[in-house]
Amino acid sequence: MDISKADQKAVIVGISGCSSSGKTTLARLLRDIFPNTFILHEDDFYKPEEQLPMKDGLRDWDCPEAISIPDMEAALAYIRRTGTFPVSSTSPSSSPSSPVLLPPLPSRRSRSRSDHGCIYPNNNPPLFDCSPLTSQSRSHNTQPDVNSKEDKNSVGASPITPDQIATLKSRVQSWLQPGHPGHAIFSTHPGLRICLLDGFLLYQKPDFATIMSELDVKLFLTVSRQKATQRREARDGYVTLEGFWKDPPGYVDKIVWPNYVQAHKWLFVDGDVEGGKLDEETLRREGIKAQIGKGQDVDFRETLEWAVGAVMEALERRFLNSNSQAG
């Protein structure tokens with residue numbers, strides 16, 4: 001959707017990379033550092049389990065066919081236009097004057113979305129009511145939030161100390177003061193919010209091409225196969241609507257890593273994901289930001305500092321430099 005800068009109510013920051021590359025941890029930290037910021041998880045758009053394909057005898061949760069891409073597209077378009085989460089199109093109390101925030105969505109591995117009356121099987125009514133909100137209804141959504149199951153999943157202890165977070169918060173607060181770029185952006189776009197979209201497949205083509213077009217900032221995190229496997233296997237599992245889910249034996253080697261390589265080899269020199277050398281020309285052309293030349297397993301403190309700077313720079317390019325495109 002082509003929305004002018006003047007009409008845009010939310011900036012969408014995509015954070016993508018292999019499972020266990022640190023996406024959710026980074027999103028939660030950026031939410032704490034930048035004001036007026038909220039998170040949307042790609043994992044909250046899974047299809048029902050019975051619709052997912054099988055691969056090597058295992059249910060494949062890590063492929064494009066597992067995600068309801070049209071629902072995600074509708075959600076992102078709505079967020080950009082309104083600065084709020086979509087209202088449920090099925091709630092009996094949903095109306096322009098009395099909006100209802102999207103009910104809690106199941107996250108990774110939890111598929112019984114029909115329990116909420118919000119997500120339908122294929123060819124049934126859409127998940128979101130994307131009609132414009134009135135000024136009265138918008139006032140009810142001044143602090144959008146999603147009670148997502150994904151936020152109940154542990155991502156381990158934060159590698160960032162409170163002092164480091166405080167330093168980065170101070171950096172952003174200075175950027176927002178009069179006379180600085182952040183103040184120029186948000187004073188001329190009052191109410192502008194930042195939506196952090198955390199997803200493992202945001203930059204897969206062609207399936208996610210429309211999703212990519214909805215992103216104002218595209219961050220890509222790299223991780224080695226060894227580190228990704230180590231982190232993934234250390235997880236307790238995933239909170240689901242049904243209870244709890246844990247990767248079956250062999251899931252990383254058979255599903256997670258091969259799917260990641262297949263979806264992202266176009267971003268690496270000669271398609272060599274294992275080699276880890278990113279294709280700088282492709283990244284530049286697609287507007288994807290990554291830590292070039294840092295190797296696959298970058299210290300997370302450095303990653304967070306880089307991400308904070310990348311978001312500020314991208315916002316400046318989009319809203320202060322009319323001759324540049326945000327990447």
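The model is predicted. The protein has 10 helices and 11 strands. Of its 327 residues, 53% are buried. The accessible surface comes to about 14400 Å². Carbon and sulfur atoms account for 48% of that surface. Among contacts with a separation of 6 or more, 75% join residues 24 or more positions apart.

Strand β8 spans residues 217-221. Its 5 residues are buried, so the strand is largely enclosed by the rest of the structure. Burial applies to both faces. Val 217, Leu 219 and Leu 221 lie on one side, and Lys 218 and Phe 220 on the other. Strand β1, residues 10-17, pairs with β8 in the parallel sense over 5 bridges. Strand β11, residues 288-289, also pairs with β8 in the parallel sense, over 2 bridges. Lys 218 takes part in both pairings: it is the bridge partner of Gly 14, and it stands opposite Ile 288 in β11.

Helix α2 covers residues 69-82 and has 14 residues. From first C-alpha to last it reaches 20 Å, close to the 20 Å expected at 1.5 Å a residue. Because 10 of the 14 residues are buried, α2 is largely enclosed by the rest of the structure. The buried set includes the charged residues Asp 71 and Arg 80. It also includes Ile 69, Met 72, Leu 76, Tyr 78 and Ile 79. Gly 83 follows the helix, and its phi is positive, near 75°.

Thr 37 is located in strand β2, residues 37-41. It counts as buried because its relative accessibility is 14%, below the 20% cut-off. Its side chain reaches two backbone oxygens. That of Phe 34 is at 3.1 Å, and that of Pro 35 lies 2.9 Å from a polar side-chain atom of Thr 37. Beyond neighbours within four places in sequence, Thr 37 is in contact with Leu 30, Arg 31, Ile 194 and Leu 196.

The structure holds 6 aromatic pairs. One of them joins Phe 38 and Phe 85, with 4.7 Å centre to centre and 55° between the planes. This pair is tilted. Phe 38 lies in strand β2 and Phe 85 in the loop between α2 and β5, so the pair ties together parts that are 47 residues apart in sequence. Phe 38 is buried at 3% relative accessibility. Phe 85 is buried as well, with a relative accessible area of 1%.

Tyr 203 and Phe 220 form a further pair. Their ring centres are 6.2 Å apart and their planes are at 55°, so the pair is tilted. Tyr 203 lies in the loop between β7 and α6, and Phe 220 in strand β8, so the pair ties together parts that are 17 residues apart in sequence. Tyr 203 counts as buried at 0% relative accessibility, and Phe 220 is buried at 1%. Tyr 203, Phe 220 and Phe 268 form one aromatic cluster.

Ala 184 is found in helix α5, residues 181-188. It is partly exposed, with a relative accessible area of 30%. Ala 184 and Leu 320 are 136 residues apart in sequence, yet their C-alpha atoms are 8.0 Å apart in space.

Methods:
Residues numbered from 1 in each chain as written. Predicted model: local features only at pLDDT ≥ 70, side-chain atom pairs only at ≥ 80, totals over all residues. Heavy atoms only, no water. Helix = DSSP H or I, 4+ residues; strand = E, 2+ residues; numbered from the N terminus. Expected span 1.5 Å × (residues − 1). Buried < 20%, exposed > 50% of the residue type's maximum accessible area, 1.4 Å probe, protein only. Pairing = 2+ DSSP bridges. Polar contact = N/O pair within 3.5 Å; in protein donor to acceptor, adjacent residues only side chain to side chain. Contact = heavy atoms within 4.5 Å. Areas by Shrake-Rupley, 256 points an atom, 1.4 Å probe, with all protein chains shown as cover. Phe/Tyr/Trp six-rings, centres within 6.5 Å; stacked < 30°, edge-to-face > 60°.
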